[in-house]
Amino acid sequence: MSSLLSTMFLATGAMAADQGALEATTNNAANVNTPGYSREVPILQENPPVVVGNLTFGTGVSLAKIESVRDPILQLRIQQETGQQGALNAFTGALSQAQTLFIAGASDIGSEISNLFSSISQLSANPASIALRQGVLTAASNLTSTFNNTASNLSAQRSNLDLNVVQSVQQVNTLTQRIAGLNGQITTLQNLGQEAGTFIDQRDVLINQLSGLIDVSEIKSDSGITLTTSNGTALVSGTRSFSLTTQPVSGVQHIFSQGNDITSTLSSGALGGLIAARDQKIPALLTSLDTLASGLATAFNTANAGGFDLNGNGGGALFTPVAGAGSAANIGVAITDPALIAASSDGSAASNGNLANLSAIQDQTIIAGATPTTYYGNIVFSVGNDVSNGTAELQSSQLVLQQLQDQRGSISGVSLDEEAANMTRYQQAYDAAAHIVTTVNQMLETVINMGTLP
Amino acid sequence: MSSIRVNPYPLPDLLAALADTQQQQNTSSLDLATGSRINKPSDDPAGAAQMVSNTAQSSQADTFLRSITSLNGLLQTADSTLSSVVTALQRAISLGVEGANGTLSDSDRADIASELTGIKQQLMSLANTSYQGEFIFSGTATVQPFVTDATSPSGITYKGNTGTNNVQIGQNYSLQINQAGSQMFTSASGNVFQSISDLINSLQTNNNIDSAVSEVSDAFNHITGQRVFYGNALNQLQSQQTYLNSEKVDLATAADSISATDMAATSTAFTQSQEAIQADLAAMSRMSQVSLFDYLK
């Protein structure tokens, strides 16, 4: 047989448990808009019963713990997809800028090539005309300056990407430091047997941000978690973080971890996308432009050298320089005197025989087996295709990420309806327990009054 | 809890849907405004590459058409010059026939000879005709083709060369645009200046007038034959111009089918995206305004 006092304790214990549960509900409602917050559920537990004779009495309820609801595997998937999205975002962003240089219009390389051939055609109707010869030189110099501008724009974009790489590495370092710090706090709390839900939420948010910047693999261990890149370079190990550094290597910033160059191993996160655009796509575009520029220069120089200029002298070079890396950036017109265009095939001033050889370049497969126009068309296709594939992948990655976030929300998100229902539930339980306390109090009074005379 | 828990915070989904729809609307409105559905290479990489060669071909056709216009002027000048030459030679022949009449006095023949001297001057100036500053019968030289020269039997020497020029007026199609002056006016099968010179001499000496007239006649036939060259060239220009104009129409049709905006479909898409945006916004404004908390009073 239990005592009235123990019943009183049981009721006040219930009030405490319900109040604790209500606190969890309040915290949930308070954090309804906090990014990365995982809802908390109070875990209520029966107290161990007391056996008196052949009766077993329950001893009430206590709040065992407040637990965050989360799915660690889902969290990993979100991290992976965030990394994928970071890479695609950076990559398509970079190439979308590059493709604006190849929009068909009045002044892209393709139109300038057409204009040059057009000016040569016009000259052939009146080959001794200085005005028409000047027209050819102007068209040639428009073409070379378009080559120069396109190449220097691509190089400038490459330098911007280089700056982005450095900034991203700094962000990675800040994040890994903070994650290592949180690791320490979480481990301490867990060693004391306490819930570290809030810190884990914060760490998940940071790891997610980190995944958006660089490849991240997560390994759980007793001393918190270890984060590495996909090829095993350590980023965080327990309470230690490992800073990445940048150093210029052949003109661009490479990323080093403890002395090792890890640049080419990064494939995910913004860094993966930036590096793919900076070290592969844009250099490939520049190389294609160099091939086109040097192919055209060589063909025009050869054709011009096969004829005679207005003064009857053998023709010289039209374009400089002719070959090698940087042709597109440096190509220029070699002559300023319109008389030096070798229109004549026999040395007589009004002959246009050699202009046919210059015009013929338009239809010759002189650049990697393609005509100049086809080759340029292939460049346009290649850059357009990269952007359009990247955009499509980005969209599907966005959908996947959205689904995963939905899934996370359905598990960990705070529902105000649910919290309102819980609130009433705990409030009613609290009310009931408080009533019991009042009742027991009256009973105790009755007992106390038993000893006094009326 | 046995029921499936749903994501209580769907706002990001709606925002993403809104952004997506707005992107579609932007694309549609750009397509409608420019009339082209390829406004950057990534809109249709293969189409963009096709447009590069389509544009190049159409610019080439424009160039050929410009060449044709300019050649038309040149060839018509040459043709009408030769027409004047033919008229002058006809006059020379009838003067020669008149001079061969035995009843004429020496002074009559001297008058005819002096008129023929004038015709010779006229012929020389015709042979030195220029178009846009360039002599049209000097071959590929830029010098005045026919100059007076006392050492020459005809009194006139050809200073040009025998070069000819071809101009491209189509892909793999080039047209010869001139004949050397020597072939026109001082050919062995009909020498314009020599024959007039000989006729003048014959009339002055009253000797071999008939054979001199037949010499002029040969020159007349020769020039008439040569004139056919220019007539043919003008015909070729005409038919090539027709061909190029229709090629341009074909290229424009091809460009349309590659890149033109389908106005009906795009307008519909534009309207649909507008409606979708309104629906998204309406959903966003109505959601999450109430929760169970509002009913617990």
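**Entry 1: around Ala277 of chain A**

I started at A:Ala277 and set aside its neighbours within four places in sequence; A:Ala277 is then in contact with A:Ala90, A:Phe91, A:Ala94, A:Leu95, A:Leu161 and A:Ile282. Contact here means that the C-beta atoms of two residues, placed from the backbone, lie within 7 Å.

I noted that this is a predicted model, where local features need pLDDT of at least 70 and side-chain atom pairs count only at pLDDT 80 or more, while totals for chains, interfaces and linings use all residues. Residues are numbered from 1 along each chain as its sequence is written, and chains are lettered from A and ligands numbered from 1 in the order in which they are written.

**Entry 2: the cores**

Next I looked up the largest nonpolar core, which has 93 residues; A:Ala277 is among the members that touch the most others, along with A:Ile179, A:Leu210, A:Leu274, A:Phe300 and A:Val380. A nonpolar core is a set of buried Ala, Val, Leu, Ile, Met, Phe, Trp, Tyr and Cys residues joined through C-beta atoms within 7 Å. Buried means that 20 or more other C-beta atoms lie within 10 Å of a residue's own (exposed is 12 or fewer, partly exposed in between), with C-beta atoms placed from the backbone.

I also found a second, separate core of 48 residues, including B:Ile112 and B:Tyr158.

**Entry 3: helix H6 of chain A**

How far does H6(A) reach from its first C-alpha to its last? Its 37 residues (269-305) reach 53 Å, close to the expected 54 Å, which is 1.5 Å times one less than the number of residues. Helices (H or I, at least four residues) and strands (E, at least two) are DSSP runs, numbered from the N terminus.

I saw that H6(A) bends by about 35 degrees at A:Ala277; the bend is the angle between axes fitted to the seven residues ending there and the seven starting there. Since 26 of its 37 residues are buried, H6(A) is largely enclosed by the rest of the structure.

**Entry 4: a sheet in chain A**

I traced an open, antiparallel sheet of 4 strands in chain A, in the order S5-S6-S7-S8. Two strands pair if DSSP finds at least two bridges between them. S5 (217-221) and S8 (240-241) of chain A each have a single partner strand, so one side of each is left without a neighbour in the sheet. S7(A) and S8(A) pair over 2 bridges, and A:Val236 has A:Ser241 as its bridge partner.

**Entry 5: where the chains touch**

Last, I checked the contact, which takes 53 residues from chain A and 45 from chain B. H2(B) gives the largest share of chain B's side, 16 residues.
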